[in-house]
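Hi,

Here is the model I promised to pass on. Have a look at it first, and then read on for what I found.

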Amino acid sequence: MVFVGVYAAFSLNSYQQHQQEEKRRDQILASLEEQLKEGIDSAKTEGAKQGKIVSEFRRALDAGEMPPLHAFAFASDYSATDIATLLQSGGIELLDVKTLTSLRELESVIRGGLSRMSHYEKLSDALIAPNLDADISFFYDPVTKKLRKRFEKYPDALQVVVDFFHDLEKAQTELLKQVQAERQR
């Protein structure tokens, strides 16, 4: 009789613990889902905005115009500790391996993109920003109307920003699909 009572108590405790874990798992997945939806919308908006800037710059350049160069200034509130905190709060034990893998891929896209943009921002700070008040011929050869050699990567740097937002949107969409699939289980 005592054995059955102890066994029932352990079973009830185990059941309650399992219910708490399921509730925590769903809270984590719901939070991720909400953040991803907002992130996808933001990436689409910013990607389209930056895409127009790149298209207009390339159009003007191809038309023989000498469009002005602008200093790169990219600010992000990204912090790797945000995801680390989520995982440490139980996510690593409660989430599916596929979800964790998709999350890792998203983190990789973010870190890589921010690293590339930081590189171009440093180049901009050294080469473009100090010379914004210079004549346009500082940036372009007036005869050919082409960017001078040290500035010829400028259009590519603009494209890096567009590519980052595209890659970010894609990685967030993949993770969102995985999170939604896991929530359905």
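One cut-off before the details: a residue is called buried when its relative accessible area is under 20%, exposed when it is over 50%, and partly exposed in between. Ser102 comes out at 14% relative accessibility, so it counts as buried. Please keep in mind that this is a predicted model.

Now the overall picture. The chain has four helices and two strands, and from the N terminus on they come in the order α-α-α-β-β-α. The C-alpha trace spans about 100 × 25 × 20 Å along its principal axes. The radius of gyration is 25 Å, whereas a compact globule of 185 residues would have one near 16 Å. Buried residues make up 32% of the 185. Of the contacts with a separation of 6 or more, 79% are between residues 24 or more positions apart. The chain exposes about 11,900 Å², and 55% of that is supplied by carbon and sulfur atoms. As for charge, there are 24 positive and 29 negative ones, and their mean positions are 4 Å apart.

Thr99 has a relative accessible area of 1%, so it is buried. What does its side chain pair with in a polar contact? The partner is the side chain of Glu182, at 2.3 Å. Leaving out neighbours within four places in sequence, Thr99 is in contact with Leu29, Leu175, Gln178, Val179 and Glu182.

Ser102 is also found in helix H3. With neighbours within four places set aside, Ser102 is in contact with Leu175 and Gln178. Both of those residues are on the contact list of Thr99 too.

Further along, helix H3 also holds Leu114. Is Leu114 buried or exposed? Its relative accessible area is 19%, and the cut-off for buried is under 20%, so Leu114 is buried. Not counting residues up to four places away in sequence, Leu114 touches Phe74, Ser76, Tyr78 and Phe164. Ser79 is 35 residues from Leu114 along the chain, and their C-alpha atoms are separated by 11 Å.

Over in helix H1 (residues 2-62), have a look at Gly47. Gly47 is buried, with a relative accessible area of 14%. Which residues does Gly47 touch, not counting those up to four places away in sequence? They are Val162 and Phe165. Between Gly47 and Lys122 there are 75 residues of sequence separation and 21 Å from C-alpha to C-alpha.

Last, the loop between strand S1 (140-141) and strand S2 (146-147), where Lys145 lies. Its backbone is worth a look: phi of Lys145 is near 60°, a positive value in a residue other than glycine. Most residues other than glycine have a negative phi. Lys145 has 38% relative accessibility, so it counts as partly exposed.

Cheers

Key. Residues numbered from 1 in each chain as written. Predicted model: local features only at pLDDT ≥ 70, side-chain atom pairs only at ≥ 80, totals over all residues. Heavy atoms only, no water. Buried < 20%, exposed > 50% of the residue type's maximum accessible area, 1.4 Å probe, protein only. Polar contact = N/O pair within 3.5 Å; in protein donor to acceptor, adjacent residues only side chain to side chain. Contact = heavy atoms within 4.5 Å. Rg over C-alpha atoms; globule rule 2.2 N^0.38 Å. Areas by Shrake-Rupley, 256 points an atom, 1.4 Å probe, with all protein chains shown as cover. Lys, Arg positive; Asp, Glu negative; His and termini not counted. Charge placed at Lys NZ, Arg CZ, Asp CG, Glu CD.
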